[in-house]
Amino acid sequence: MSSNVATVNKPNLAVEFAGLKLKTPLMPASGTFGYGQEFAPYLDLNQLGAIVTKGLSLNPKAGNPTPRIAETVSGMLNAIGLQNVGVDAFISEKMPFLEQFDSPVIVNFFGNTQEEYGEVAARLNDVPGVAALEMNISCPNVKHGGIVFGTDPKAAFDVITTVRKRLTKPLIVKLTPNVTDIRITARAAEDAGADAISLINTITGMSVDVRTRKPRIANVIGGLSGPGIRPIAVRMTHQVVQTVKIPVIGIGGIMRAEDALEFLIVGAKAVQVGTANFVDPNAMQTILADLENFCIEQGIEDINDLIGSLQL
Amino acid sequence: MKNLQTIVLANQEISPGYFRMRILAPGYKEIAKPGQFVMFRVRRSLPPLLRRPFGIFQIGLLPADCEGMPEKEFIELIYKVVGAGTEVMRELHEGDRIELLGPLGRGFEIDDEGGDKILVGGGIGLVPLYMLADSLADRSKTRLLIGGRSREDIITVTEFERLGVTSHVTTEDGSLGEEGLITRILERKLDKYPKAKVYSCGPMPMLRAVEMICSERNVPLQVSLEALMACGVGACLGCVVKGREHSEQNPEYLCTCRQGPVFHSHELDWERVEKNTEQEESS
């Protein structure tokens with residue numbers, strides 16, 4: 001059959017996993033997209049595979065002192081401190097805006113204790129407009145000396161089990177890359193009943209102003225994001241896809257369609273775009289258009305044919 | 001409020017280390033208000049990764065290139081070369097492609113009353129005051145007080161004067177105008193015009209001194225703040241300042257990009273604002 005460019009059909013970009021139906025495999029990464037409203041003047045939220053909110057806690061959280069951000073080579077450090085309006089204010093003030101779009105709303109959340117995680121999850125489970133929850137386990141466990149839940153497979157398993165019991169909606173667990181072997185926490189998440197895994201969260205880092213000899217962010221240590229971390233994120237996504245049976249969402253330094261494709265090819269069912277939203281509030285729309293063009297160019301009718309098509 | 005892919009019309013060094021860039025900016029004249037800013041990005045280039053915020057100096061029209069074409073709307077930015085971002089900017093030439101997001105943020109609140117107005121600028125901080133001066137009702141009663149370290153730091157004063165504004169200059173080394181700090185002139189002027197309204201932009205120690213002078217005398221003050229920011233649209237929460245009602249239980253963080261960059265001084269918790277911005281920005 002000869003190819004006929006003039007009559008080529010639009011490729012299918014829709015993906016399905018963990019009971020979620022996404023129009024496209026693109027969604028924003030939590031914390032880079034506010035509560036959606038901030039970006040509405042710049043892009044059509046209905047074109048997104050999903051809308052992922054800023055992380056919510058049981059009570060409003062003030063966040064860290066400034067400076068909170070610092071630019072690095074091909075990336076940025078941040079220590080915002082999970083500033084957010086709290087789960088109740090989110091439900092009453094932010095959710096009505098998000099409900100007007102037909103893109104599924106994925107709400108990111110976190111806690112300081114196992115109980116807090118469970119309580120926030122339970123409150124969000126009752127909100128009809130919430131399609132799924134994404135659980136941030138990169139938080140210190142205040143009851144156990146502040147060791148980050150996600151760096152201890154046992155603590156991760158326990159807190160995810162607690163949340164699972166109080167949740168009927170799909171549960172996505174977002175993994176921290178700041179571990180020796182991410183496959184171990186990925187397995188713990190799967191065993192505890194996660195429906196999907198998203199990775200990676202930011203990589204911890206530090207930068208010093210040599211003139212003032214002070215850390216460039218007030219919190220001293222921050223999370224590194226941006227294009228510089230992408231190869232690490234692709235590697236970890238690959239490793240986790242090979243390890244667990246549940247679907248995986250790839251995150252880390254996606255700036256262009258080609259970057260998103262790397263994650264899909266190693267087996268991510270969808271991807272999240274983070275820092276790129278800061279650089280260009282319209283970034284996801286550009287990536288989406290280029291993704292479609294790539295499929296047309298390569299004769300790919302369905303993006304699902306690309307997912308996990310890595311040639312080894 | 002959109003992302004504009006556009007070109008540089010001119011980029012000139014106007015004083016050692018200070019550049020003035022004229023950028024083609026259709027649509028700005030209609031909507032941009034004094035005190036608003038843009039997020040500037042050298043198109044598709046890495047590094048630097050993040051855009052840089054710049055106050056708009058002025059907006060204008062150039063004659064069309066040929067008959068039948070529309071006039072060319074432009075904006076002007078004035079920037080000081082201080083780091084990686086501005087080092088890239090200084091190398092740009094006419095015709096180079098760039099991206100502008102804006103106009104962004106809340107500008108100065110301007111009332112139509114004709115009374116005395118005092119604009120206090122520190123160095124590059126006078127940039128957002130030019131459009132403000134231009135839009136004040138009674139320019140003969142508008143005074144610009146501008147301070148800098150040395151004569152090189154005093155820029156565009158004659159342009160303010162052409163608007164009908166009276167100017168007073170101080171430099172720390174006495175190389176231009178009076179020797180000393182601009183706040184001393186502010187005190188003098190407020191002794192003479194106690195009902196004046198004050199508008200200010202500049203480094204934090206200066207703003208803090210201006211705030212103390214104004215609050216002691218119950219003089220209304222609006223300030224334009226600078227902050228490190230990644231997005232400019234209220235999402236990254238990198239540029240927050242603490243509001244007057246802030247507490248750990250009821251956080252009142254204001255985004256410089258959205259609730260600012262211009263604030264009424266009574267909206268801010270000055271003790272904390274000053275502490276938070278101790279670290280000098282180098283972009």
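A: Two residues are in contact if their C-beta atoms, placed from the backbone, lie within 7 Å. The model is predicted: local features need pLDDT of at least 70, side-chain atom pairs count only at pLDDT 80 or more, and totals for chains, interfaces and linings use all residues. Residues are numbered from 1 along each chain as its sequence is written, while chains are lettered from A and ligands numbered from 1 in the order in which they are written.

Q: How many residues does the contact take from chain B and from chain A?
A: Chain B contributes 25 residues and chain A contributes 32 residues. On the side of chain B that touches chain A, 17 residues are nonpolar, 5 polar and 3 charged. Here Ala, Val, Leu, Ile, Met, Phe, Trp, Tyr, Cys and Pro count as nonpolar, Asp, Glu, Lys and Arg as charged, and the others, Gly among them, as polar.

Q: How is the strand order of a sheet read, and which are the edge strands in chain B?
A: Strands (E, at least two residues) and helices (H or I, at least four) are DSSP runs, numbered from the N terminus. Two strands pair if DSSP finds at least two bridges between them. In chain B, 7 strands form an open sheet with antiparallel pairing, in the order β4-β3-β7-β1-β2-β6-β5. Its edge strands are β4 and β5 (58–62), each of which pairs on one side only.

Q: Which bridges join β3(B) to β4 (residues 52–55) of chain B, and which to β7 (residues 97–104) of chain B?
A: With β4(B), strand β3(B) pairs in the antiparallel sense over 4 bridges, and B:Phe37 has B:Gly55 as its bridge partner there. With β7(B), the pairing is also antiparallel, over 5 bridges; the partner of B:Val42 is B:Ile98.

Q: Why is strand β3 (residues 37–42) of chain B largely enclosed by the rest of the structure?
A: A residue is buried if 20 or more other C-beta atoms, placed from the backbone, lie within 10 Å of its own, exposed if 12 or fewer, and partly exposed in between. In β3(B), 6 of the 6 residues are buried, so the strand is largely enclosed. B:Phe37, B:Met39 and B:Arg41 are buried on one side, and B:Val38, B:Phe40 and B:Val42 on the other.

Q: Where is A:Thr161 found, and what does it touch beyond its neighbours within four places in sequence?
A: A:Thr161 belongs to helix α3 (residues 153–165) of chain A. A:Thr161 counts as partly exposed because it has 16 C-beta neighbours inside 10 Å. Apart from those sequence neighbours, A:Thr161 is in contact with A:Ala192 and A:Gly193.
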